[in-house]
Amino acid sequence: MAILPQANSAATGPFVLEAKPSSMQLVPPEFGQHPETEVWGFDGTVPGPLIRARQGELLQPRLINRLPQPTAVHWHGLRVPNAMDGVPGMTQDAVLPGDDFLYELPLKDAGTYWYHSHNQSTEQVARGLYGVMVVSEAEAPETDHDIVVVLDDWRLSEKAQIANDFGAVHDWTHAGRLGNFIHAALTPQVSEVQQNQRLRLRFVNVATDRIMTVSLLGLTGKIAARDGMPLQEPEDLGLMVLGPAERADVIADVSAAPGESVQVVLHERGTAYLLEEIEVAGRHAKAPRGVVAPLPDNPITRLGSLSHARRISLTMEGGAMSGLRQGRYEGELLSSQELFEAGQIWTFNGEAGLPAEPITTAQRGEIIRMPIHNNTAFPHAMHLHGTHFQEVLPDGGLGPLKDTLLVARRETREIAFVADNPGDWLLHCHMLSHQAAGMKTWLRVT
Ligand code: C2O
Ligand code: CU
């Protein structure tokens with residue numbers, strides 16, 4: 001099933017992005033008769049308009065706030081100037097109801113990015129304030145269909161309305177706000193493909209908190225990009241695990257025969273659910289194109305040697321079943337009970353909420369490596385604003401460029417990056433319930 005946002009081709013000159021309440025038929029008829037769902041959406045659609053632009057262009061969306069709350073838009077994964085990052089209280093003031101804000105986004109990198117509210121985001125993203133941005137390469141690989149697949153997770157009442165229990169204690173202390181209606185929205189809403197056609201499928205997990213494990217049937221191909229950035233060596237297509245905010249670009253040929261279908265399957269606690277399928281009608285060519293070549297690289301520096309890197313470590317604590325005793329919050333040392341009463345459940349390096357001081361101040365160009373110790377009983381999707389990082393692998397090698405990394409419970413993973421984008425940048429868990437309940441810090445690049 002899919003929701004069709006309007007395509008937005010205006011990439012030259014300012015264009016309007018209006019955050020406003022609206023309603024839509026979210027639950028499709030195969031689930032029985034359901035009323036429309038009241039949502040908050042950009043231009044009144046969920047997902048918001050698909051923004052298509054070309055690498056090298058300057059994108060100028062003007063946010064107009066027609067919501068009953070202040071808001072701001074973060075351009076997730078884009079390496080933007082700090083003042084355009086959309087973080088209220090840090091890079092701009094929240095845009096009040098009735099006000100507007102002009103963003104200016106130079107598109108350095110090609111790839112699959114997304115945009116979402118970064119104010120009261122546990123509520124605003126859960127209500128639908130997100131959309132996808134596709135920045136095309138100067139020389140895009142040849143494909144027959146280029147389809148955005150938005151994976152979302154809604155918590156709906158019996159009347160198909162968004163449950164307004166935002167900030168429920170059990171969610172914040174556990175795995176976050178998990179919904180009861182998971183769905184994949186395809187843009188465009190392709191209803192059929194042909195055998196041996198080549199598809200580019202751009203998966204985006206926009207869920208506030210749910211990790212999506214997805215497999216694809218009827219396709220043979222590779223994952224060619226992660227979090228927007230091309231993989232130097234495309235990865236085999238197996239089970240794809242996407243934490244909140246993670247993306248994967250799949251380039252694959254239709255192997256299913258006419259009469260069969262291409263299927264997007266969600267794996268959740270041992271059960272497989274068909275999220276979406278596309279019929280295969282006819283045959284496009286005698287043989288598939290076969291090899292998936294790497295995408296053209298983006299102008300971002302990959303790390304070389306880490307010998308001059310400075311190490312800053314990040315330790316996560318808190319949540320249910322963790323035995324957190326105390327933590328700092330707004331400058332004071334509080335017991336875990338006092339933290340809990342302040343709505344703070346999780347800490348980074350012993351501190352809940354946004355600290356007054358950055359976790360580090362980096363000189364521009366400095367290489368930072370950061371071991372992340374997850375001393376909690378839950379996975380966390382760590383997201384760095386401002387630039388992509390690479391994982392330092394246990395064998396000393398470096399992983400692909402990413403902006404969000406899932407760190408499993410009780411696991412340590414290490415990231416490294418060149419601090420080359422000046423400004424103040426957030427580093428937080430993208431399980432938005434965890435972020436709201438304490439898991440955030442920031443770094444300064446001078
Ligand atoms: Cu996608 Cu700080 O966010
Ligand atoms: Cu988390």
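The model is a predicted one, so to speak of local features a pLDDT of at least 70 is needed, side-chain atom pairs count only at pLDDT 80 or more, and totals for chains, interfaces and linings use all residues. Residues are numbered from 1 along each chain as its sequence is written, chains are lettered from A and ligands numbered from 1 in the order in which they are written, and side-chain values use heavy atoms, with hydrogens and water left out.

On to the metal. The copper ion (ligand 2) is held by His380 through ND1, Cys429 through SG and His434 through ND1, at 2.0 to 2.1 Å. Donors here are N, O and S atoms within 2.8 Å of the metal (3.2 Å for Na, K and Ca), and since water is not among the atoms, sites may look incomplete. Along the chain, the donors of this copper ion are spaced as H-x48-C-x4-H. His380 sits in strand 30 (residues 380-384) and Cys429 in strand 35 (residues 423-429), so the pair ties together parts that are 49 residues apart in sequence. Strands (E, at least two residues) and helices (H or I, at least four) are DSSP runs, numbered from the N terminus. Both His380 and Cys429 are buried, where buried means under 20% relative accessible area, exposed over 50% and partly exposed in between (1.4 Å probe, protein chains only).

Two strands pair if DSSP finds at least two bridges between them; strand 35 and strand 36 (residues 440-445) pair in the antiparallel sense over six bridges. Gly423 has Val445 of strand 36 as its bridge partner.

Most residues other than glycine have a negative phi, and most peptide bonds are trans. Val46 and Pro47, however, are joined by a cis peptide bond with omega at about -10 degrees, and Pro47 lies in the loop between strand 3 (37-42) and strand 4 (50-54). Thr187 and Pro188 are likewise joined by a cis peptide bond, with omega at about -5 degrees; Pro188 is in the loop between strand 12 (181-187) and strand 13 (192-195). As for phi, Asn349 is not a glycine, yet has a positive value of about 50 degrees. Asn349 is partly exposed, at 40% relative accessible area. Arg410, also not a glycine, has a positive phi of about 60 degrees and sits in the loop between strand 33 (404-407) and strand 34 (412-419).

Finally, two buried residues. Ile312, in the loop between strand 22 (310-311) and strand 23 (314-318), is buried at 13% relative accessible area. Gln390, in strand 31 (residues 389-392), is buried at 5% relative accessibility. The Gln390 side chain reaches the backbone nitrogen of Leu303 at 2.7 Å and the backbone oxygen of Gly399 at 3.0 Å.

Definitions and conventions
Polar contact = N/O pair within 3.5 Å; in protein donor to acceptor, adjacent residues only side chain to side chain.
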